[in-house]
Amino acid sequence: MARFMLFMYPNITDDEYAEGPSVEAVEAMTAYNEALTQAGALLAADGLHGEASRVSSSGVTDGPFSEAKELVGGYWIIQAKDREEAVEWAKRCPLGPGPFIEVRQIWELTDFPEDIQDAAKLSAEPPHQTSA
């Protein structure tokens with residue numbers, strides 16, 4: 001099975017982001033996460049704070065860098081047989097009228113030629129690495 005990352009963009013104001021979710025929104029999202037878990041699709045999921053640090057070769061800059069409506073508010077890593085199934089899971093998320101989800105497939109090492117796979121191998125698997 002392939003792995004996909006689902007990015008949640010809340011598409012709300014900075015004030016709404018600072019207020020946090022309602023109990024009803026959390027209950028609806030928990031039901032969605034439970035459905036993913038029961039189907040064996042959920043590998044990881046987390047909400048993200050709005051504050052960020054941008055690191056580049058020229059240094060570190062503290063954020064936020066965008067309005068809350070442009071921030072990634074959270075993510076899921078799921079496994080699905082293909083992009084269509086991943087999109088179907090994303091469509092089941094209790095979003096409401098403003099938020100949206102971006103679905104992107106995660107590169108697997110086996111997607112690359114053998115010489116690239118050899119160059120990318122770590123001496124040990126990270127302790128919390130997801131895999132499909």
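Predicted model: local features only at pLDDT ≥ 70, side-chain atom pairs only at ≥ 80, totals over all residues.
I started at Asn11, which sits in the loop between strand E1 (2-9) and helix H1 (14-19). I read its phi as near 55°, a positive value in a residue other than glycine. I noted the background for that: most residues other than glycine have a negative phi.

I looked up confidence next. The chain has a mean pLDDT of 89, and 94% of its residues reach 70 or more. Strand E3 (residues 53-56) has the lowest confidence, at a mean of 84. Helix H3 (residues 83-91) has the highest, at 98.

I turned to the aromatic rings. I got a count of three aromatic pairs. One of them is Tyr9 with Phe100, with 4.7 Å centre to centre and 10° between the planes, and it is stacked. I traced this pair to distant parts of the chain: Tyr9 lies in strand E1 and Phe100 in strand E6 (residues 100-105), 91 residues apart. I found Tyr9 buried, at a relative accessible area of 14%. Phe100 is partly exposed, at 40%.

I then took Tyr32 and Trp76. Their ring centres are 5.6 Å apart and their planes stand at 85°, so I logged the pair as edge-to-face. This pair also links distant parts of the chain, with Tyr32 in helix H2 (residues 23-38) and Trp76 in strand E5 (residues 74-80), 44 residues apart. Tyr32 is buried, with a relative accessible area of 4%. Trp76 counts as buried too, at 5% relative accessibility.

Terms used
Residues numbered from 1 in each chain as written. Heavy atoms only, no water. pLDDT = per-residue confidence, 0-100. Helix = DSSP H or I, 4+ residues; strand = E, 2+ residues; numbered from the N terminus. Phe/Tyr/Trp six-rings, centres within 6.5 Å; stacked < 30°, edge-to-face > 60°. Buried < 20%, exposed > 50% of the residue type's maximum accessible area, 1.4 Å probe, protein only.
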